[in-house]
Amino acid sequence: MSLRVGIVGTGNIFARGYLPALLETDAIEVAAVCDIDAARARDAAKSLGSPRIEAAHRELVAADDLEAVLVLTPTHTHAEISIAALDAGKHVLCEKPMARSATDARRMIVAADGAGRRLMIGHTRRFDERWTAIHDQVRAGRIGEPVYLFRSEHAYNGAPGDAWTWQDAQSGGVLWDVGVHVAELVHWFFGERPRSAFTRLLHVRPESVAGGAPDAAVVSLEMGDTRHAVLSVSWLHPPAWGPFYASMEVIGTGGRLDYRDLDGHPTIVADAEGLTIARHSPLLSATAPAFLREIEHFALALESGGPFAISAEEALAAVEIVEAAERSAASGRPEAVPS
């Protein structure tokens with residue numbers, strides 16, 4: 001039996017990540033869509049077999065024929081729309097980061113508990129076969145106890161200069177958009193929160209300077225007396241090098257694990273025609289099947305009553321880590337992560 005859902009937000013992450021997965025699965029039936037851009041909503045509905053189009057998210061979440069809502073909108077709107085859906089009796093799958101602040105993320109958890117509905121945050125890394133395989137080996141003790149993790153994710157942000165992603169109050173820039181993935185991965189791999197974060201943010205590209213959203217970040221996460229993690233993220237690649245290419249190394253008391261996206265791709269070719277780069281998915285850091293696994297897991301967990309692969313509290317932890325990192329950039333000193 002398919003889960004009947006409505007989708008709020010049919011922009012970039014919908015088109016590049018969720019739409020291909022929704023077209024492949026039988027676990028979810030899209031009954032309604034909504035977007036502030038009417039033309040974009042019409043295009044999405046056409047691609048999905050013409051579900052109805054609602055004019056605004058409040059009309060969509062109030063619909064009696066929906067069991068759940070997918071919130072795929074800009075970061076600063078996640079809390080408002082998710083809470084409205086939960087209050088209307090719908091389960092929610094919300095794109096990461098959970099919210100633009102830990103305060104709003106906690107409000108989402110309270111709303112879910114109060115409504116007796118379930119809330120999952122779309123941290124796609126939890127469903128990407130690369131990171132799940134590495135996580136399982138680390139947690140199984142393959143390299144002993146992990147003591148140091150370095151994670152690097154860099155790409156080119158092709159959004160126009162007036163896009164929400166360049167507005168600091170709305171997106172938080174690369175620290176919140178990409179860094180939250182890494183913060184969640186650190187928490188997941190180590191099985192505990194960092195104690196503190198020490199951060200340097202950069203504003204390099206004109207879009208970043210104008211909108212205030214940082215386009216590069218380096219964060220040092222202190223995990224304890226003998227454990228540490230460092231994350232490095234940016235949107236500074238030249239346009240020709242658009243895809244995310246990540247690298248990660250985990251050092252343990254009994255070994256070392258190293259992964260680099262580029263090593264797992266076919267040869268990159270530079271010739272008279274330009275640069276040909278193999279990529280998992282255009283401008284996305286997850287493999288395409290990860291989105292399929294994510295939405296099918298959401299539907300199955302709702303049907304069975306089983307736990308989500310990532311709890312709302314774990315998604316909140318990622319927000320609290322990134323928020324501490326943001327405070328550190330402002331204060332110039334390490335800032336504590338809530339325990």
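Which strands does helix 11 lie across? Select residues 288-304, which make up helix 11. Helix 11 lies across strand 1, strand 2, strand 4, strand 5 and strand 6, and runs at about 160° to strand 5. Keep in mind throughout that this is a predicted model.

**The whole chain**

The chain holds 12 helices and 15 strands. Its C-alpha atoms fill a box of roughly 55 × 55 × 40 Å along the principal axes. For 339 residues, a compact globule would have a radius of gyration near 20 Å, and the chain agrees with this at 20 Å.

Of the 339 residues, 55% count as buried. Among contacts between residues at least 6 apart in sequence, 71% join residues at least 24 apart.

Six strands form an open sheet with parallel pairing, in the order 3-2-1-4-5-6. Strand 3 (52-53) and strand 6 (119-122) each have a single partner strand, so one side of each has no neighbour in the sheet. In general, strands of a sheet pair through backbone hydrogen bonds, either parallel or antiparallel.

Select residues 28-34 for strand 2, which pairs with strand 3 in the parallel sense over two bridges. Within this pair, Val-33 stands opposite Ile-53 of strand 3.

Next select residues 78-87, which form helix 4. Helix 4 lies across strand 1 (3-8), strand 4 (68-71) and strand 5 (91-95), at about 165° to strand 5.

**Two cysteines**

How many disulfides does the structure hold? The count is zero. A disulfide is a covalent bond between the sulfur atoms of two cysteines. Select Cys-34 and Cys-94 and show their side chains. Cys-34 is in no disulfide, and the nearest cysteine sulfur to it, that of Cys-94, is 14 Å away. For the sulfur of Cys-94 the closest cysteine sulfur is in Cys-34, and 14 Å is too far for a bond.

Are these cysteines buried or exposed? Cys-34 counts as buried because its relative accessibility is 4%. Cys-94 is also buried, at 0% relative accessibility.

**Two backbone details**

Most residues other than glycine have a negative phi, and most peptide bonds are trans.

Select Ser-50, in the loop between helix 2 (38-47) and strand 3. With a relative accessible area of 57%, Ser-50 is exposed.

Then move to Pro-97, in the loop between strand 5 and helix 5 (102-115).

**Last stop: Met-223**

Select residues 216-224, which form strand 9, and find Met-223 there. Met-223 is buried, since its relative accessible area is 3%.

Which residues touch Met-223, leaving aside its neighbours within four places in sequence? Met-223 is in contact with Val-186, Phe-190, Glu-192, Arg-193, Pro-194, Arg-195, His-228 and Ala-229. Met-223 and Val-147 are 76 residues apart along the chain, while their C-alpha atoms are separated by 8.6 Å.

Technical notes. Residues numbered from 1 in each chain as written. Predicted model: local features only at pLDDT ≥ 70, side-chain atom pairs only at ≥ 80, totals over all residues. Heavy atoms only, no water. Pairing = 2+ DSSP bridges. Helix = DSSP H or I, 4+ residues; strand = E, 2+ residues; numbered from the N terminus. Contact = heavy atoms within 4.5 Å. Axes fitted to C-alpha atoms, helices over the stretch in contact; angles between N-to-C directions. Disulfide = S-S within 2.5 Å. Buried < 20%, exposed > 50% of the residue type's maximum accessible area, 1.4 Å probe, protein only. Rg over C-alpha atoms; globule rule 2.2 N^0.38 Å.
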